[in-house]
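Good morning, and thank you for coming.

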Amino acid sequence: MTANTEYKAWRVEEQDGAYVGREQTLNTADLPDGEVLIRVSHSSLNYKDALSASGNKGVTRSYPHTPGVDAAGEVVESAVANFTPGSQVIVTGFDLGMNTDGGFGEFIRVPAAWCVPMPAGWNARTAMIYGTAGLTAGLCVQKLLTMGAAPEQGPVAVSGASGAVGSVAVELLAKLGFDVVAISGKAEHEAELKRLGANEVVGRDALAESKKPLVKPVFANAVDTVGGNPLAELLKQIQPGGSVACCGLVAGPQLPTTVLPFILRGVNLLGVDSVEIPLADKRQVWGKLSQDWACTATEASARDIGRGELDSALKAFLEGASAGKIVLDHQR
Ligand SMILES: NC(=O)c1ccc[n+]([C@@H]2O[C@H](COP(=O)([O-])OP(=O)(O)OC[C@H]3O[C@@H](n4cnc5c(N)ncnc54)[C@H](OP(=O)(O)O)[C@@H]3O)[C@@H](O)[C@H]2O)c1
């Protein structure tokens, strides 16, 4: 029944050097080999999807391509015993949506080693409210906690606070009792960031370039989603022994810093990868997000879109104008 099933996907093609996405009808027979065929009901929007959709060869080497680094839905066919047809699964990261057709199509076929069983109490939409961004925020917070971060040490900063990763990090840290300072370029988003739990919202100029190698340390710890010069400035503002969990590069991949924050203040720079880490590590954070770490304000404010709205929603990511969590609902 599913060997040759037609389905809809938002597919990106190269046309005269430009990359154009539009809905197309594809066939499951053309999906890559894999052990598990999944009917995707929901996906989630990430900065990386915007890079894939705009022809970034560091993310996607060849086109036509169906982006979507996140997918959740129902197993339709499975070659392995632990994923039976009808069960609900989450797939995030690995090669999904990069060079393997991703969650912006109604079907994916992937290795079983990429699939996480849906946590109890969640459905596909809930999982995709978090998506890779929520998983990454959870991994950042977990790394800070592993390093001994605690609310009594002082404020924790979140850069790119209104973004997909940043907004979940703000709510999760606030929920865990931290005094969260949200750093955001969107003044109009202040009320929303406070609703998520930020104690204070400051502009991106808090991380404006300074010539000094170190400045007054104001943050005990931080989650950085932007990289580049803002991360270099953030490192100068971390209290002795504090940590920065670093996961993003929207402000650039370079890190023009000195060793001074590290050798004079013992600051820790913690790298966070959500893509290639062991499945067991992903499962652990999914489990927490579905229970004690549930971000109910994020869940309540997530925005649902259909495939027809993907183009404009993805362009907003590239402009730094996207905010909060956006779920792709294939039924819309
Ligand atoms: N390591 C991993 O496994 C992993 C996983 C997921 C995402 N990421 C990375 O994390 C980053 C954030 O992803 P996302 O999906 O949350 O993207 P996003 O929704 O676009 O959020 C990024 C936020 O950063 C701020 N920003 C944008 N351009 C900026 C600039 N030039 N300078 C300073 N701030 C800027 C904006 O927030 P404000 O307007 O509030 O400042 C923006 O909303 C991306 O680089 C993504 O690739 C990494």
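The shell around the ligand is made up of eleven nonpolar residues, 13 polar ones and three that are charged. Please keep in mind that this is a predicted model. In total, 27 residues surround the ligand, and the closest are S162, V165, S184, G185 and S274.

Where do these residues come from? Domain 1, which comprises 6-118 + 302-329, and domain 2, which comprises 133-271, each give at least three residues to the shell. Two helices also deserve mention: α2 (124-146) and α3 (164-175) each supply at least two of the shell residues.

Let us turn to individual contacts. In the side chain of S184, an N or O atom is 2.6 Å from an oxygen atom of the ligand. For G185, a polar backbone atom is 2.8 Å from an oxygen atom of the ligand. S322 also takes part through its backbone, with an N or O atom 3.3 Å from a ligand oxygen. As for overall cover, the ligand on its own has 910 Å² of accessible area, and the protein covers 88% of that. The space that the ligand takes is the largest pocket.

I close with the backbone. Most peptide bonds are trans, and most residues other than glycine have a negative phi. Which kind of peptide bond joins Y63 and P64? The bond is cis, with omega at about 5°. P64 is found in the loop that runs between α1 (47-53) and β4 (70-78).

The second detail concerns D16, a residue other than glycine whose phi is positive, near 50°. D16 belongs to the loop between β1 (6-15) and β2 (18-27). Thank you for your attention.

Terms used
Residues are numbered from 1 along each chain as its sequence is written. This is a predicted model: local features need pLDDT of at least 70, side-chain atom pairs count only at pLDDT 80 or more; totals for chains, interfaces and linings use all residues. Side-chain values use heavy atoms; hydrogens and water are left out. A residue is near a molecule or strand if one of its heavy atoms lies within 4 Å of it. A polar contact is a pair of N or O atoms within 3.5 Å; within protein, one must be able to donate a hydrogen and the other to accept it, and residues adjacent in sequence count only if both atoms are side-chain atoms. Accessible areas come from the Shrake-Rupley method with a 1.4 Å probe; for residues, only the protein chains shown count as cover. On a 1 Å grid over the protein atoms alone, a cavity is a set of points where a 1.4 Å probe fits but cannot get out, and a pocket is an open set with protein on both sides within 12 Å along at least five of seven lines; lining residues have an atom within 4 Å of a point. A molecule sits in a cavity or pocket if more than half of its atoms lie within 2 Å of its grid points. Helices (H or I, at least four residues) and strands (E, at least two) are DSSP runs, numbered from the N terminus. Ala, Val, Leu, Ile, Met, Phe, Trp, Tyr, Cys and Pro count as nonpolar, Asp, Glu, Lys and Arg as charged, and the others, Gly among them, as polar. Domain bounds come from an automatic or database domain assignment.
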